[in-house]
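Dear colleague,

Please find below the structure that I am handing over to you. My findings follow directly after it.

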Amino acid sequence: MIDTNKQGEVWIFAEQEEGNLSDVPLELMTKGRQLAETLSVPLGAVLLGDAVSPLAGKLIAHGADKVYLVEHPKLAQYQTTGYSKAICELIEQYKPQICLYGATPVGRDLAPTVASTMWCGLTADCTDLQIGDHTDPISKQEHKNLLQQIRPAFGGNIIATIVNPSRWPQMATVREGVMPMSEPIASRKGQIIQCQADLDELDLPLTIEQTHRRPKRVNLKAARVIVAGGAGIGSRKNFDVLWELAGCLGAAVAGSRAAVDLGFIDHDHQVGQTGTTVRPALYIAAGISGAVQHRAGMQDSAKVLAINTDPKADIFSVAHYGIVGDFMEVVPKMIKAIRGGSDVKEAVASSQA
Amino acid sequence: MGYNCVVCVKQVPDTKRVTGDAMKEDGTVNRAALPAIFNPEDLNALEEALCIREAHGGTVTALSMGAPPVSETLRECLYRGADRGVLITDRKAAASDTLATSYILSLAVKKLQPDIVLCGRQAIDGDTAQVGPQLAGKLGFTLMTYVEELVELDGQTIRAKRNVGNGWELVSAKLPVLITVTEAANTPRPPAARRIMKYKKARTRSEVEQMAENLLEGDFENYTAELKAAEVAKHCQTLSDKGILIDQWSLEDMGADLDWCGMSGSPTKVHRIQSVVLKGGQYREIPPTEEGVASLVEQLVSDHTLG
């Protein structure tokens, strides 16, 4: 734990794997930039690894004022103890007021370990972050400019705003895909601060004997149009019609958790609280009842078209267009309309170009 | 050689079965409308511990923290095969966030001195997945999160397969370790009828206290506090002799520093709670006909949603 430090910087953990930054730290930079500007403090990116300095420039282009670079052979592969030790040392030394991590498997392993060592607060899986004031309901003490950490809780049935008034840094993990990534500006200037990590064998208690990474086959976040199916689709075979619709729209295919659990579609395609959060221009939801866990992953789509036989299905509550009917009849009609209209075909073709 | 395992289990409201009356009008959660269940992935953690005991010997102790009704979750553990249940219950532990919870659990684990601590990956009420890693931090145990297969236990070394999101990792470490277990790790066994018979009368001290009136014969009013306490102690002893007393520890029993427990030990504070309100009925209904669908597609093209 460090003392409250209103001049402290905003930090984001720049998660990298084998020398590559994923989208998550870059999404964090956008939000981190806003927070840092609101607080009038610098934005720092903490970059750990072995020979990862080439990534520093990218972090600066995406908004970092400072990159805290810790290079060490023992940091080549992520493991909890070494990484958390290095970060705790940086926090002790530079006393940032906010530390953000992606809510990735690594972030959700690292952040609680840092919080445990630092005895500071941590909020998991935030979907939004703001700066605001907080009055303690009991002591009536006022706290200015705290990090308001907003997250769904209770299976997504409530939205909680959490603050950490006194035991700093204020830390949160942030859900993947909920914050847009900003364009890099190559001319941005920033400072690279080389830091040391004092690591020995005890800091690497795990032996990583084998790693097997499977490239992600679908990138739902990049899709402009998504065709998604739920339990109501009924079978893997029935999903074919959704693949066909997606094919003529140049869209990605997604599934609800129920559809994934039932084996209709693979987990990479899952949208929702435990899958990917998406915000496409158009989200077509077929046979999806719209459980709160699913809505959490798609309700920020610019347009939502819901197709369901049950007019009372919750999915209609977040829809802009609703078709009450059987997807097996409606979807082929859509395919026909798209293929039939030459204007449509041209428009779709130009959007795919 | 055997391994002593401690499994951390949590009783949670069944957030998957949320019905219309789950939220009160003021936006707070109506706990009474939600059944309390065994956190699903904690069942996987328990199963993994039971498999370790079957393969290598040792003990399985189920540990939970919460109000006295949480004893039911510990009985469930006994029905499924745990050797012992320990309940941490104390009013001063109420409102603990994940950090305070991990501190309190760490005190109990230190008393139990296990080789392996097992937790479910996360609990369905908060979905934070924080207590496992934070507990490992407090104990100084090596952390292995998202374990989907325990590959080998060999003397002082554990080897496991971790799910790292976009693939897996095979890792090994020296004991003691804390592992968090995913639902993919195993299929939890059901309660065993024979064990239900044995443990259905297993109780914690606070449950015995609640039953005290029924235990005492005659006019309850005539008993002094000392007599009641003696009766409770006697009954607890009887349960203990039968091996069906669920241990109950207070913060004081564990030598806890109260500054790190409950509200004062929790850095995170709730600023605001809002229930998720559905807008409802604001969409434009399109008839499921060829014309209806065609005009919709046309419109989506003309407003550049498509194309």
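How many helices and strands are there in chain B? Chain B has eight helices and 14 strands, where helices (H or I, at least four residues) and strands (E, at least two) are DSSP runs numbered from the N terminus. Please note that this is a predicted model, in which local features need pLDDT of at least 70 and side-chain atom pairs count only at pLDDT 80 or more, while totals for chains, interfaces and linings use all residues. Residues are numbered from 1 along each chain as its sequence is written, and chains are lettered from A and ligands numbered from 1 in the order in which they are written.

The two chains

For chain B, the radius of gyration is 24 Å, whereas a compact globule of 307 residues would have one near 19 Å; this quantity is taken over C-alpha atoms, and the globule rule is 2.2 Å times the number of residues to the power 0.38. The C-alpha atoms of chain B fill a box of roughly 80 × 55 × 45 Å along the principal axes. Buried residues account for 48% of the 307 residues of chain B. A residue is called buried if 20 or more other C-beta atoms lie within 10 Å of its own, exposed if 12 or fewer, and partly exposed in between, with C-beta atoms placed from the backbone.

Chain A contains nine helices and 18 strands. The corresponding box for the C-alpha atoms of chain A is roughly 65 × 50 × 40 Å, taken along the principal axes, and 54% of the 353 residues in chain A are buried.

Domains and sheet of chain A

Chain A is divided into domain 1 (10-203) and domain 2 (220-352), with bounds that come from an automatic or database domain assignment. The C-alpha centres of these two domains of chain A lie 34 Å apart. Nine residues of domain 1 are in contact with eight residues of domain 2 in chain A; contact requires C-beta atoms, placed from the backbone, to lie within 7 Å.

An open sheet of seven strands in chain A has the order S7-S11-S6-S1-S4-S5-S12, with parallel pairing; two strands pair if DSSP finds at least two bridges between them. Its edge strands are S7 (122-126) and S12 (191-195) of chain A, each of which pairs on one side only. Within chain A, strands S4 (residues 43-49) and S5 (residues 66-71) pair in the parallel sense over six bridges, and Gly44(A) stands opposite Lys66(A) in S5(A).

Helix H3 (residues 80-94) of chain A lies across S4, S5, S6 (98-102) and S12 of chain A, at about 150° to S4(A). Axes are lines fitted to C-alpha atoms, for helices over the stretch in contact, and angles run from 0 to 180 degrees between N-to-C directions. Helix H4 (residues 107-118) of chain A lies across S1 (10-13), S6, S7 and S11 (170-174) of chain A, running at about 170° to S11(A).

Where the chains meet

The contact takes 75 residues from chain A and 63 residues from chain B. Strand S13 (residues 207-213) of chain A is joined by six bridges to strand S9 (residues 167-174) of chain B, and the two run antiparallel. Gln210(A) has Leu170(B) as its bridge partner in S9(B).

With kind regards

Notes:
Contact = placed C-beta atoms within 7 Å.
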